[in-house]
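Colleague: Could you take me through this structure step by step? I would like to understand the terms as we go.

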Amino acid sequence: MKEKKGNLLFFFFFFFSCRPLWLICRRQFTKEVTAKKFYPSRQRLTLPVPPGSKERPVVLNYKKGLKDYCDGNQNNITVVFKDLGPQVSYPTLFFFEYLGPLILYPTFYYFPVYQFFGYKVERVIHPVQTYALYYWCFHYFKRIMETFFIHRFSHATSPLSNVFRNCAYYWTFGAYIAYYVNHPLYTPVSDLQMKIGFGFGLICQLANFYCHIILKNLRSPDGSGGYQIPSGFLFNIVTCANYTTEIYQWLGFNIATQTVAGYVFLVVATSIMTNWALAKHRRLKKLFDGKEGRPKYPRRWVILPPFL
Amino acid sequence: MATLFAALRRLYLSIYNWTVFIGWFQVLFLALKSLKESGHEHVYNAVEKPLLLAQSAAALEILHGLIGLVRSPVSSTLPQVGSRLYLTWGILWSFPEIRTHILVSSLVISWSITEIIRYSFFGMKEAFGFAPSWHLWLRYSSFLVLYPTGISSEVGLVYFALPYIKGSEKYSVRMPNKWNFSLDYFYLAILALGFYVPGSPHLYRYMLAQRKRALSKSKKE
């Protein structure tokens with residue numbers, strides 16, 4: 001099939017560029033290709049929505065029996081099928097989007113790429129540029145490790161088109177920032193500012209890791225997803241403490257490296273995460289409305305106290 | 001209260017559309033006049049003032065879409081208005097050497113005819129509540145010719161302006177600087193040209209779909 005061929009080429013390209021991790025790639029890839037076309041994660045079954053209604057359709061939970069949705073009429077039930085398109089597991093998606101920055105950034109640091117932009121090959125490397133390299137690579141390495149060992153996803157898969165969209169986002173910004181921080185004409189900030197930036201950033205990365213541990217423990221390991229009220233650590237004051245720490249962590253990086261490219265990335269990433277945070281906050285408030293024995297969601301900041 | 005808002009909205013949009021219509025009418029008139037009397041090299045100088053005014057006024061349309069005054073989605077008005085403002089201010093106004101090119105004439109004529117039809121169409125609907133069917137037909141058919149001529153003129157002008165952009169270093173920021181930032185207007189112009197490659201067929205297809213919808217709807221009425 002035409003779409004499978006495209007996938008084949010796409011995955012083969014990455015096999016040869018990430019040899020040590022190709023085992024993970026191959027396992028994911030084989031699972032995707034050998035399954036029949038409408039494999040379960042590609043199906044969305046919902047109850048029909050009355051015409052004209054603006055409500056979102058109720059998605060059938062695969063763990064429940066059909067009887068739970070029959071609603072009195074035991075003999076027949078109408079179910080709406082939607083093909084969600086080719087799907088990719090979340091770990092696969094995250095792995096490829098984080099791989100780009102992990103490879104592109106060191107390329108700008110170690111290899112003489114700036115000669116292609118018209119600069120001489122000889123350059124002086126400032127300490128801050130070296131620390132930035134370590135910081136950046138640690139960050140994305142941490143993300144990949146969390147993807148495989150910590151995160152428990154609410155959905156098993158994501159549409160394949162998201163691979164291209166997300167990779168474009170991470171890889172383009174990765175190259176854009178790497179270009180400026182490792183530039184031969186880079187102007188470093190003061191030593192104190194660098195230390196404050198990286199120090200603050202590292203603390204936030206550790207806090208972010210702890211937030212992920214807390215989130216992981218909210219869900220059971222059998223992958224049933226679901227939502228609970230997060231609590232403990234920073235979650236007591238802000239709903240999406242994991243995004244908060246992530247944003248501040250990038251702020252630390254930018255304080256230390258001071259590039260417009262880095263700050264642009266910070267603004268874009270913050271707005272994306274703020275959208276997610278608003279949706280999650282709204283969802284949790286709706287779910288935990290205090291009625292019928294459910295707990296009521298406490299008053300909290302959404303993502304960035306004292307602003308939102 | 002709601003009817004007061006509706007009436008104010010209608011009044012404002014009538015004034016807006018007819019005013020900008022007059023601006024573009026001036027552009028077309030002066031363009032044709034100077035083309036006949038002096039030649040294509042002098043067209044820009046003749047139309048500069050009404051062109052800058054009428055085209056810049058289009059920025060208001062983004063605002064109209066954002067606050068919900070009009071139905072058009074911001075996602076389609078923004079690239080449209082953006083590319084117009086880029087050509088008007090970022091190329092023609094910024095690089096005088098390009099103003100004598102013959103493509104300026106084709107650009108200005110394509111734009112002004114399109115806008116005259118468009119603004120008078122909306123002006124009619126807001127002020128009088130209807131527009132005759134030939135007007136509707138013109139609004140949704142003139143683009144078939146004018147989009148290709150207009151887009152080709154836009155692409156051509158950016159392309160021929162490239163040497164002047166590179167030579168003048170205008171709007172460019174070089175390293176080293178405190179913020180470790182650089183901007184190369186020349187490469188941005190090439191990137192802009194790149195956007196036309198997927199953007200033009202997309203816009204044309206969108207207009208074709210709009211045409212089908214609008215003309216079939218009017219047949220049903």
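Modeller: We shall go through salt bridges, backbone features, surface patches and record annotations in turn. This is a predicted model, in which local features need pLDDT of at least 70, side-chain atom pairs count only at pLDDT 80 or more, and totals for chains, interfaces and linings use all residues. Residues are numbered from 1 along each chain as its sequence is written, chains are lettered from A and ligands numbered from 1 in the order in which they are written, and side-chain values use heavy atoms, with hydrogens and water left out.

Colleague: How many salt bridges does the structure hold over all chains?

Modeller: Over all chains there are 10 salt bridges. The term denotes a side-chain nitrogen of Lys or Arg within 4 Å of a carboxyl oxygen of Asp or Glu.

Colleague: Which residue does K142(A) meet in a salt bridge?

Modeller: K142(A) pairs with E146(A), at 3.3 Å from N to O. Both residues belong to helix α4 of chain A (residues 127-149), four residues apart, which is about one turn of the helix. Helices here are DSSP runs (H or I, at least four residues), as are strands (E, at least two), and they are numbered from the N terminus.

Colleague: Is K142(A) buried or exposed?

Modeller: K142(A) counts as buried because its relative accessibility is 8%. E146(A) is likewise classed as buried, at 2%. Buried means under 20% relative accessible area, exposed means over 50%, and partly exposed lies in between (1.4 Å probe, protein chains only).

Colleague: And what does R143(A) form a salt bridge with?

Modeller: The partner of R143(A) is E246(A), with the closest N and O atoms 2.6 Å apart. This pair links distant parts of the chain, since R143(A) sits in helix α4 of chain A and E246(A) in helix α7 of chain A (residues 241-257), 103 residues apart. R143(A) is buried at 11% relative accessibility, and E246(A) is buried at 8%.

Colleague: Turning to chain B, which side chain meets that of R174(B) in a salt bridge?

Modeller: That of E169(B), at 3.0 Å from N to O. R174(B) is partly exposed, with a relative accessible area of 40%, and E169(B) is partly exposed at 37%. Elsewhere, E61(B), R84(B), E115(B) and R118(B) are joined into one network by salt bridges that share partners.

Colleague: New topic: the backbone. Where is the cis peptide bond?

Modeller: The cis bond joins M175(B) and P176(B), with omega of about -5°. P176(B) is placed in the loop between α7 (143-168) and α8 (185-220) of chain B.

Colleague: Why point that out, and what about phi?

Modeller: Most peptide bonds are trans, and most residues other than glycine have a negative phi, so departures from either pattern can be pointed out. Q258(A) is not a glycine, yet has a positive phi of about 50°. Q258(A) lies in the loop between α7 and α8 of chain A and is buried at 9% relative accessibility. N180(B), also not a glycine, has a positive phi of about 50°. N180(B) is in the loop between α7 and α8 of chain B and is buried, with a relative accessible area of 0%.

Colleague: Now the surface. Which residues form the nonpolar patch?

Modeller: The patch consists of Y12(B), L60(B), L63(B), L66(B) and I67(B), with about 490 Å² of accessible area together. Patches are made of residues with over 30% relative accessible area and no salt bridge; like charges are joined within 9 Å, and nonpolar side chains (Val, Leu, Ile, Met, Phe, Trp, Tyr) within 5 Å. Accessible areas come from the Shrake-Rupley method with a 1.4 Å probe, and for residues only the protein chains shown count as cover.

Colleague: Which helix gives the most to that patch?

Modeller: Helix α3 of chain B (residues 59-66) does, with three residues. L60(B) lies in that helix and counts as partly exposed, at 34% relative accessibility.

Colleague: Last topic: which residues of chain B does the UniProt annotation "transmembrane region" cover?

Modeller: The UniProt record, an unreviewed entry, gives residues 12-32, 102-122, 143-165 and 185-204 of chain B. Such positions are given in the numbering used here, feature names are shortened, and annotations may be inferred rather than shown by experiment. In the model, residues 12-32 of chain B are 100% helix and 0% strand, with end C-alpha atoms 31 Å apart.
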